[in-house]
Amino acid sequence: EPENYYFSYQAIRGMPGFVKNVVNRWYHEPEGNGTRFTMHATMEVLGILGWLMKIPMQFQMNKLLNEATEELKHYVENGKPHPRKAKAIEKYEQFRRLAVN
């Protein structure tokens, strides 16, 4: 929703079976000469395994969201991907090339 400075996405594949739903919402709003950026992720888990894995997964999700924020900040300030992101992109491209051949 560009007029509301908001977008969201939902994970539909690749999550463990005990994860029912994952949604991430990104908000950005003008603040002084810059922009305030906020992410809010929610995850619903199923069963005992989901309950047991909830706390370790929260730590992992927090780490991933912090990295995503750092990478976005780097991109906005430098006009190029963060070195960690560039490495991940190259790894993905190599995998994709192997899969095609």
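**A note on the strands, helices and side-chain contacts**

1. Strand 1 (residues 6-11) and strand 2 (residues 19-31) run antiparallel and are joined by six bridges. Strands here are DSSP runs of type E with at least two residues, helices are H or I runs of at least four, and both are numbered from the N terminus. Two strands pair if DSSP finds at least two bridges between them. One facing couple to look for is Tyr9, which stands opposite Asn24 in strand 2.

2. Before going on, a word on what you are looking at. This is a predicted model, where local features need pLDDT of at least 70, side-chain atom pairs count only at pLDDT 80 or more, and totals for chains, interfaces and linings use all residues. Residues are numbered from 1 along each chain as its sequence is written, and side-chain values use heavy atoms, with hydrogens and water left out.

3. Now follow strand 2 onward. It pairs with strand 3 (residues 34-45), again in the antiparallel sense, over 12 bridges.

4. Rings of Phe, Tyr and Trp (its six-membered ring) pair if their centres lie within 6.5 Å; planes under 30 degrees apart count as stacked, over 60 as edge-to-face and the rest as tilted. One of the pairs is Tyr6 with Tyr27: the ring centres are 5.0 Å apart and the planes are at 40°, so this pair is tilted. Tyr6 is in strand 1 and Tyr27 in strand 2, so the pair links distant parts of the chain, 21 residues apart. Tyr27 is partly exposed, with a relative accessible area of 33%. For these labels, buried means under 20% relative accessible area, exposed over 50%, and partly exposed in between (1.4 Å probe, protein chains only).

5. Another pair is Trp26 with Phe37. Their ring centres lie 5.1 Å apart with the planes at 75°, so this one is edge-to-face. It also links distant parts of the chain, with Trp26 in strand 2 and Phe37 in strand 3, 11 residues apart. Is Trp26 buried or exposed? Trp26 is buried, at a relative accessible area of 14%, while Phe37 counts as partly exposed at 27%. Both belong to one aromatic cluster, together with Phe7 and Tyr9.

6. On to the charged side chains. A salt bridge is a side-chain nitrogen of Lys or Arg within 4 Å of a carboxyl oxygen of Asp or Glu, and by that rule there are seven salt bridges. One of them joins Glu70 and Arg84, at 3.5 Å from N to O. Glu70 lies in helix 1 and Arg84 in helix 2 (residues 83-100), so the pair ties together parts that are 14 residues apart in sequence. Glu70 is partly exposed at 39% relative accessible area, and Arg84 is partly exposed as well, at 29%.

7. Others stay inside a helix. Lys73 forms a salt bridge with Glu77, the closest N and O atoms being 2.9 Å apart; both lie in helix 1, four residues apart, about one turn of the helix. Lys73 is partly exposed at 49%, whereas Glu77 is exposed at 53%. In another salt bridge, Arg96 meets Glu93 with the closest N and O atoms 2.8 Å apart. These two are three residues apart in helix 2, separated by about one helical turn. Arg96 is partly exposed at 39%, and Glu93 is partly exposed at 23%. Salt bridges that share partners also join Glu70, Glu71 and Arg84 into one network.

8. Last, have a look at the surface. Ile48, Leu49, Trp51 and Leu52 form a nonpolar patch with about 510 Å² of accessible area together. Patches are made of residues with over 30% relative accessible area and no salt bridge, joining like charges within 9 Å and nonpolar side chains (Val, Leu, Ile, Met, Phe, Trp, Tyr) within 5 Å. The areas come from the Shrake-Rupley method with a 1.4 Å probe, and for residues only the protein chains shown count as cover. Leu52 is located in helix 1 (residues 47-78) and counts as partly exposed at 49% relative accessibility.
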